[in-house]
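Hi,

Here is the model I promised to pass on. Have a look at it first, then read my notes below.

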Amino acid sequence: MEDTLRLHHHTPGTLTKLHAYLHQRTGGMIGSLSHLIRAAAISAILDGSERITRRQLHTIHVDHASESAYRTSA
């Protein structure tokens, strides 16, 4: 998934290093993960940073089930 990002300042391996956080945020659901990464990439383009960070990922809302599971586990 990370290899398909076309962000100019994204460091390869960033999302891999965040694997535990991403799994927790999405409840292990691939659709939720895809939505989260896509929304973060769009946000990175719009704000001009052209990179995905954990701070930025934290601002993205995903589906209700994943958000509820994340709040319960955090």
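This is a predicted model: local features need pLDDT of at least 70, side-chain atom pairs count only at pLDDT 80 or more; totals for chains, interfaces and linings use all residues.

Gln 24 sits in helix H2 (helices are DSSP runs of H or I with at least four residues, strands are E runs of at least two, numbered from the N terminus). Gln 24 is partly exposed, because its relative accessible area is 31% (buried is under 20%, exposed over 50%, partly exposed in between, with a 1.4 Å probe and protein chains only).

Residues are numbered from 1 along each chain as its sequence is written, and side-chain values use heavy atoms, with hydrogens and water left out.

On confidence, the mean pLDDT of the chain is 91, and 99% of the residues reach at least 70 (pLDDT is the predictor's confidence in each residue, from 0 to 100).

Now the largest pocket, with a volume of about 170 Å³. A pocket here is an open set of points on a 1 Å grid over the protein atoms alone, where a 1.4 Å probe fits, with protein on both sides within 12 Å along at least five of seven lines; lining residues have an atom within 4 Å of a point. Points are joined across faces, edges and corners, and the volume is the space filled by probe spheres set on them. Its lining has 13 residues, with Leu 15, His 19, Leu 22, His 23 and Leu 33 nearest the centre. Helices H1 (14–17), H2 (19–26) and H3 (30–47) each give two or more residues to this lining, and H2 gives the most, four.

His 10 is in the segment before H1 and is buried, because its relative accessible area is 13%. Its side chain makes a polar contact of 2.7 Å with that of Glu 2 (N or O atoms within 3.5 Å, one able to donate a hydrogen and the other to accept it; sequence neighbours count only if both atoms are side-chain atoms). Leaving out residues up to four places away in sequence, His 10 touches Glu 2, Leu 5, Leu 15, Glu 50, Arg 51 and Ile 52 (heavy atoms within 4.5 Å).

Glu 50 lies in the loop between H3 and helix H4 (54–59). Glu 50 has a positive phi of about 55° although it is not a glycine.

Cheers
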